[in-house]
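Q: Could you help me find my way around this structure? I would like to begin with how some of the helices cross.

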Amino acid sequence: MLSNLFPNVEMDKMWVATYETLYMTFISVFGTFVLGILLGLLLYLTAKGNLWQNQTLNSIVASVVNVSRAIPFIILILLLFPFTDFILGTIRGPNAALPALIVGSAPFYARLVEIGLKEVDKGVIEAAKAMGAKTRTIIFKVLLPESMPALISGITVTAIALISYTAMAGVIGAGGLGDLAYMEGFQRRNNDVVLACTIFIVVIVFIFQFLGDWISKRIDHR
Amino acid sequence: MISIKQLSKSFKTKDQTVQAVDNVSLNIEKGDIFGVIGYSGAGKSTFVRLINRLEDPTDGEIILNGQDMTDLSKSQLRLERQKIGMIFQHFNLLWSRTVYENVAFPLEIAGVPKAERESQVLELIELVGLKGREQSYPSQLSGGQKQRVGIARSLANDPKVLLCDEATSALDPETTDDILDLLVSINEKLDLTIILITHEMHVIQKICHRVAVMEQGTVVEQGDVLDVFMNPQSKTTKRFVQQLNPQEGSVDELKEFITSDDHSEVVKLHFVGHNAKRALISDVSKQFDINVNILQGSISPTQEGAYGTLYVEFQGEPETIESVMNYVMSTGVEVEVIKHVE
């Protein structure tokens with residue numbers, strides 16, 4: 001029955017594409033998480049009244065973040081072609097999409113991280129200082145754990161944006177479900193393939209959202 | 001133990017300089033419970049933050065155990081802070097950590113190995129009366145229990161000084177008393193010096209040995225709690241003392257007795273320490289041919305003994321009243337005449 005509804009869908013290709021999409025998503029989510037937290041911490045710590053208060057550095061980081069967020073993703077991929085080629089030696093395939101995916105979403109996530117860190121009770125930071133904590137201890141034992149539910153729900157939102165970015169990256173030949181929908185579906189007028197790819201992506205998004213909500217809830221003891 | 005000399009702190013805002021703490025000098029003895037009282041904005045919170053340098057002083061010295069806190073390097077300051085406990089109005093616990101983990105936090109900071117931490121943490125949790133709640137999260141505790149965790153945490157590195165920043169201001173009166181009792185017991189058990197900031201006179205009365213009254217960044221009055229209570233000098237202190245006995249000092253209500261023309265004398269008696277336990281009034285009425293009319297009275301217990309005030313009217317012959325007065329004064333009770341016999 002399914003083969004009647006989706007005559008042109010080849011499951012082998014679907015699974016390969018799904019794997020590629022998940023591969024790009026996982027690695028870019030990980031990269032975004034690390035880079036975003038670094039940038040977010042830098043934004044937070046250099047802000048006025050915080051541990052590394054530094055107006056100049058804060059403005060520099062903030063403008064880097066704002067500028068890269070302003071570039072449309074599809075253009076960012078093109079802009080990053082030379083960089084991608086330089087570090088990976090190729091501009092095709094799932095790996096080639098990773099730099100653009102991470103550079104494109106880390107600044108967005110960094111802002112979410114900054115918001116999460118701002119929510120951490122100033123009194124708790126003061127208490128840690130009064131106990132004689134080093135800045136490193138305050139970052140790793142106070143700031144990050146206390147903002148973790150916000151960091152997790154932030155990365156969930158970002159991950160979902162990343163899944164749609166991976167589909168867009170398909171247009172430049174990165175592989176994945178977006179690529180399949182475009183090449184096999186749209187170009188060959190096989191609407192059933194487009195629909196099947198959509199369903200797969202929606203399911204992946206749902207799973208990510210569910211996982212994110214679940215983890216965030218588990219670790220929130222407020 | 002702690003000697004504070006000409007300590008000042010000013011904050012610069014865009015268009016003005018605010019003198020939060022202004023030339024404060026204090027001496028605090030080892031084992032003292034030292035209270036600093038003032039209305040909000042008096043600079044008392046800034047003052048306590050200067051002691052462990054959460055705020056850097058603009059001027060002055062803080063000598064703690066012979067060590068000048070103001071000329072420590074950053075890393076020396078961190079080590080010194082580990083020996084100063086601090087508790088806060090809003091407890092400032094980490095919600096992401098259990099009671100056990102919160103109490104263990106200062107030990108982690110001080111680099112105590114994990115194996116040694118356990119017995120210390122459990123001991124502290126027991127000391128503050130939270131045995132069995134080790135695995136609870138702060139959100140599962142009441143306000144009083146949270147402050148107990150705060151106290152356990154502040155004691156973890158075996159400090160010599162405990163700073164309390166409005167530690168009971170967010171608690172209801174009953175819980176406040178429980179926490180104050182706990183502070184007194186650790187003060188005695190551990191010979192811990194406690195510096196306590198509050199706006200509640202009740203707190204000073206209940207546990208402090210010595211008190212300083214702050215107003216607009218300066219200390220307007222300081223000394224033994226009993227002395228300050230007995231003879232408040234500044235207006236602010238008088239207002240605070242009156243908080244304790246709201247009806248006291250409202251001489252207006254005694255007008256009827258004060259303005260009457262009969263042979264009577266209205267006096268205010270101050271009882272301090274042991275005197276507060278004397279049966280003075282029944283003594284007087286037995287020994288002298290006189291009628292005693294009690295108008296108003298109250299008694300307030302403090303750490304250094306009780307103190308009370310009593311308004312009475314003596315009715316009788318002027319000569320008898322005079323000898324009564326002499327007798328009363330000879331017992332050491334202070335007398336203030338409100339209305340003289342005609």
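**Helix packing and domains**

Q: Is the crossing of α3(A) past α6(A) left-handed or right-handed?
A: α3(A) passes α6(A) in a left-handed crossing. A crossing is left-handed if the near helix is turned anticlockwise from the far one by less than a right angle, and right-handed if clockwise. Helices are DSSP runs of H or I of at least four residues, strands are runs of E of at least two, and both are numbered from the N terminus.

Q: How is everything labelled, and what kind of model is this?
A: Residues are numbered from 1 along each chain as its sequence is written, while chains are lettered from A and ligands numbered from 1 in the order in which they are written. This is a predicted model, in which local features need pLDDT of at least 70 and side-chain atom pairs count only at pLDDT 80 or more, whereas totals for chains, interfaces and linings use all residues.

Q: At what angle do α3(A) and α6(A) cross?
A: The axes of α3(A), residues 55-70, and α6(A), residues 94-118, cross at roughly 125° and come within 9 Å. Axes are lines fitted to C-alpha atoms, for helices over the stretch in contact, and angles run from 0 to 180 degrees between N-to-C directions. The two helices α3(A) and α6(A) are therefore oblique to each other. Angles under 35 degrees count as roughly parallel, over 145 as roughly antiparallel, 65 to 115 as roughly perpendicular, and the rest as oblique.

Q: Which residues make that contact?
A: On α3(A) they are Val65(A), Ser68(A) and Arg69(A), and on α6(A) they are Val103(A), Pro107(A), Phe108(A), Ala110(A) and Arg111(A). Two residues are in contact if their C-beta atoms, placed from the backbone, lie within 7 Å. The contact of α3(A) with α6(A) has five nonpolar, one polar and two charged residues. Ala, Val, Leu, Ile, Met, Phe, Trp, Tyr, Cys and Pro count as nonpolar, Asp, Glu, Lys and Arg as charged, and the others, Gly among them, as polar.

Q: What about α6(A) and α8(A)?
A: α6(A) packs against α8(A), residues 135-169, at an angle of about 150°, with axes 9 Å apart. They are therefore roughly antiparallel to each other. The crossing of α6(A) past α8(A) is right-handed, and their contact has 17 nonpolar, seven polar and no charged residues.

Q: And how does α2(A) meet α6(A)?
A: The axes of α2(A), residues 11-46, and α6(A) come within 5 Å and cross at roughly 40°. That makes α2(A) oblique to α6(A).

Q: How many helices and strands does chain A have?
A: Chain A has 10 helices and zero strands. Its C-alpha trace spans about 70 × 40 × 25 Å along the principal axes.

Q: Where does chain B touch chain A?
A: In this contact, 18 residues of chain B meet 18 residues of chain A. On the side of chain B, the elements that give two or more residues are α2 (74-81), β6 (84-88) and α3 (99-109).

Q: Which domains does chain B have?
A: Chain B is divided into domain 1 (2-244) and domain 2 (251-341), with bounds from an automatic or database domain assignment. The centres of these two domains of chain B, taken over C-alpha atoms, are 40 Å apart. Their contact takes 11 residues from domain 1 of chain B and eight from domain 2 of chain B.
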